[in-house]
Amino acid sequence: MSAKPIFDKEAFCEHCGDLEPYSMTFNDDGVWWCQWCVRTDPEEYGVENVNWEESQEQEKQHQAKYYESKVKSLSPKNFEFITCEAGDWEVLKLNGEIVAEGHSINRHQWVEILKDLGCNFEEREISDEDMEMGEY
Ligand SMILES: [Zn+2]
């Protein structure tokens with residue numbers, strides 16, 4: 001097997017199962033192992049020449065980058081909705097950047113923006129009776 005550590009988002013070990021994203025893994029003919037499993041028998045797994053200190057440092061960097069971007073994606077979403085007196089143009093900004101503009105930002109555009117932000121959005125039609133009865 002290759003003694004090259006791999007850092008993947010979907011980290012998996014045959015023995016330990018799912019691992020934290022970007023954990024150090026090794027691929028042995030299509031079978032994935034974590035560093036702790038291969039280290040139980042470095043010779044068997046052919047990883048006796050791996051520089052563990054350096055590899056763990058790499059793992060830390062990969063994971064730091066991953067969690068940093070994750071935190072960023074959870075940071076506040078500051079929307080600005082800008083109209084004018086004539087009412088013939090609208091601009092929607094997210095964190096200072098224009099995400100939509102036009103004569104009228106329609107429902108479809110709003111939905112797309114929500115989806116882009118990772119929101120699950122379901123649209124469905126119900127009967128008039130259900131609507132009247134508040135059965136939604
Ligand atoms: Zn393992």
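**Figure 1. Pairing of β6 with β7.** β6 and β7 run antiparallel and are joined by five bridges; strands here are DSSP runs (E, at least two residues), helices are DSSP runs (H or I, at least four residues), and both are numbered from the N terminus. Two strands count as paired if DSSP finds at least two bridges between them. The model is predicted: local features need pLDDT of at least 70, side-chain atom pairs count only at pLDDT 80 or more, and totals for chains, interfaces and linings use all residues. Residues are numbered from 1 along each chain as its sequence is written. Phe-81 stands opposite Leu-92 in β7. Six residues lie between the strands in the hairpin of β6 and β7, where Gly-87 takes a positive phi near 75°.

**Figure 2. The open sheet β6-β7-β8.** Three strands make up this open sheet, in the order β6-β7-β8, with antiparallel pairing. β6 (79–83) and β8 stand at the edges with a single partner strand each, so one side of each is left without a neighbour in the sheet. From one strand to the next the twist averages 15°; axes are lines fitted to C-alpha atoms, for helices over the stretch in contact, and angles run from 0 to 180 degrees between N-to-C directions.

Figure 3. Five bridges join β7 to β8, and the two strands run antiparallel. Leu-94 has Glu-97 in β8 as its bridge partner, and Lys-93 has Ile-98 in β8. The hairpin has two residues between its strands. Asn-95 is found in this loop, between β7 (90–94) and β8 (97–102). Its phi is positive, about 45°, although Asn-95 is not a glycine. Asn-95 is exposed, with 11 other C-beta atoms within 10 Å. A residue is called buried if 20 or more other C-beta atoms lie within 10 Å of its own, exposed if 12 or fewer, and partly exposed in between, with C-beta atoms placed from the backbone.

**Figure 4. The open sheet β1-β4-β5.** A sheet of three strands, open and antiparallel in its pairing, has the order β1-β4-β5. β1 (6–7) and β5 (31–34) are the edge strands, each pairing on one side only. Between β4 and β5, which run antiparallel, there are four bridges. Asn-27 stands opposite Trp-32 in β5, and Thr-25 stands opposite Cys-34 in β5. The hairpin of β4 and β5 has two residues between the strands, and Asp-29 in the turn has a positive phi of about 55°.

**Figure 5. Tyr-22 in its loop.** Tyr-22 lies between β3 (17–18) and β4 (24–28). Phi of Tyr-22 is near 65°, a positive value in a residue other than glycine. Is Tyr-22 buried or exposed? Tyr-22 is buried, with 22 other C-beta atoms within 10 Å.

**Figure 6. The largest nonpolar core.** Five residues make up this core: Phe-26, Trp-33, Cys-34, Val-38 and Val-47. A nonpolar core is a set of buried Ala, Val, Leu, Ile, Met, Phe, Trp, Tyr and Cys residues joined through C-beta atoms within 7 Å. Two residues are in contact if their C-beta atoms, placed from the backbone, lie within 7 Å. With neighbours within four places in sequence left aside, Cys-34 is in contact with Cys-13, Cys-16, Leu-19, Ser-23 and Thr-25. Val-47 is found in the loop between α2 (42–45) and α3. Val-47 is buried, having 22 other C-beta atoms within 10 Å. Not counting residues up to four places away in sequence, Val-47 touches Ala-3, Phe-26, Val-38 and Pro-42.

Figure 7. Helix α3 (residues 52–73) has 22 residues and reaches 31 Å from its first C-alpha to its last, close to the 32 Å expected at 1.5 Å a residue. The expected span is 1.5 Å times one less than the number of residues in the helix. One of the 22 residues of α3 is buried, so the helix lies largely in the open. The domain assignment of the chain gives domain 1 (6–73) and domain 2 (79–133); domain bounds come from an automatic or database domain assignment. The centres of domain 1 and domain 2, taken over C-alpha atoms, are separated by 42 Å. Val-47 and Lys-93 are 46 residues apart in sequence and 51 Å apart in space, C-alpha to C-alpha.
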